[in-house]
Amino acid sequence: MYKMNEKHRVNKPIERAIEEIRATRMTSDEREILRDKFARMTTEKNAAGTPAASKLESPYKFYRLWDNAERNWPATISAVIILLLALGGGSVALAAQGSLPGDKLYAVKVGIIEPVVGAFRGTGETLAMWQASLVSARLSEVETLASEGRLNDEKLAKIEVLLDKHTAAFSEARGRVERNESSEKAKGIGEGLKASIVGHVNILNQITVAASTTATSSRSRENAQAASLMKAKAEAHTKDVESSWSLPSPVVPTSGVPELIKNNTDNIGAPDLIDQNPPTIDKKDKKELKVL
Amino acid sequence: MTTQDSLKSTFNATYTAEADAIFRFCLVRVSDREQALDLVQETFTRLWKTLSSGKEMSNSRAFLFTVAHRLIIDWYRKKKSLSLESMSNDESGESYDQADEATMYTGLEMGSEGRFLLEKIRELNPSYRQAVYLRFVEGLSPPEIGDILGISANAASVRINRGIRELRKLTGYDV
């Protein structure tokens, strides 16, 4: 402690000031808390037999993290970008889920999300079923667009390209199942897709009837024509689920649709699934179809 | 008594004797009680590591102040996120505190005389501050202050004397 001597003689005010500064101490609680921590530190031993001094948490934990981030900035920036993409990408993916052909996010849905999800579906049965579900999803999109009167040749062409892609991937995966597992399982996968397409034929049939009977403008006529065309293609696929969707189909009239369905039900392998006398669709039904 | 018990006894005695001084030294420089306690903890942890590693320690008091001084410098550097460039030009740690310790000696609960003296010490030339504080308040010798600040005992004496002259002018005390 500072002592008065000949060289550094202090007067009263500075003595008081020094005493006041020295009166700054830890409280008894603070002192005891630290003493307890040190008691543990000096008692515990780590596996190597040396005192476990490092068990006390460093007061610089946060700053050390920041310092490391600053020094290794390329990795830090990459991590931040990935985090932002993950956070931002999540909301985009969510928004893209319900998009339809013609929407801005549709390209994200079919170009990024679905291929990424598909990449985690293996190569066999799971992948085949995933591709079958995509075929069903595309047909559902056609149904939604048609029921809203928004289907046209351009959107139909886009969907056909996608359907071809999904069908080719489905065939490949199903073929692998046939080769590596069993032909029975492969056949079951094919039947599953066929049943799904039959279901869509039924829905498209109803939509087509409704659209053709209410079509007055050129746009609504194009919508009805496109829906009818897709229905015919779907019907054809109930015979061969692995055939191409984009091959030219016979011109399908927008009137007389029930007869066309009736004439073809003998060949699709699941006649009982197709409603022979589809009911007419009013506005309320259309809304329900949109939900489908 | 085993070696371990002996080390513990030395450590506990040092803690009892020096904890308040180290805490005060940290508190007046970081102006944050929690942070000062963290620094005290880290300082004594380093003491224990050194003791338990079997290293000789002739002056544990000077050792503690040296460690605390360096930890405070590190803390300011990290807190202010100084650039690596400026850090590399400041290996001695001498120029860190001029701007960084702008809040030094504020927010402490103490009498007006003590506060006044701390404020005047803060107004000293940065290279004199710690030497004067350690000499006046903690009563350390010039060689000890030299060890703590990383300078020779003579250089420490020079800083103390020059600091005292400057402090005399600032306070009006007959220092």
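Q: Is A:Arg25 partly exposed or buried, and what is its relative accessible area?
A: A:Arg25 is partly exposed, with a relative accessible area of 46%. Buried means under 20%, exposed over 50% and partly exposed in between, with a 1.4 Å probe and protein chains only. This is a predicted model, where local features need pLDDT of at least 70, side-chain atom pairs count only at pLDDT 80 or more, and totals for chains, interfaces and linings use all residues. Side-chain values use heavy atoms, leaving out hydrogens and water; residues are numbered from 1 along each chain as its sequence is written, while chains are lettered from A and ligands numbered from 1 in the order written.

Q: What does the side chain of A:Arg25 meet in a salt bridge?
A: B:Asp20, at 3.9 Å, N to O. A salt bridge is a side-chain nitrogen of Lys or Arg within 4 Å of a carboxyl oxygen of Asp or Glu. The pair crosses between chains, and B:Asp20 is buried at 15%.

Q: And A:Glu30, which side chain does that one meet?
A: B:Arg33, in a salt bridge of 2.9 Å. That pair crosses between chains too. A:Glu30 is buried at 13%, whereas B:Arg33 is partly exposed at 32%.

Q: How many salt bridges over all chains?
A: The search finds 21. There's also a network linking A:Lys109, A:Glu114, A:Arg138 and A:Glu141.

Q: New topic: which residue follows α9(B)?
A: B:Gly172, with a positive phi near 80 degrees. Helices are DSSP runs (H or I, at least four residues), numbered from the N terminus.

How values were computed:
Helix = DSSP H or I, 4+ residues; strand = E, 2+ residues; numbered from the N terminus.
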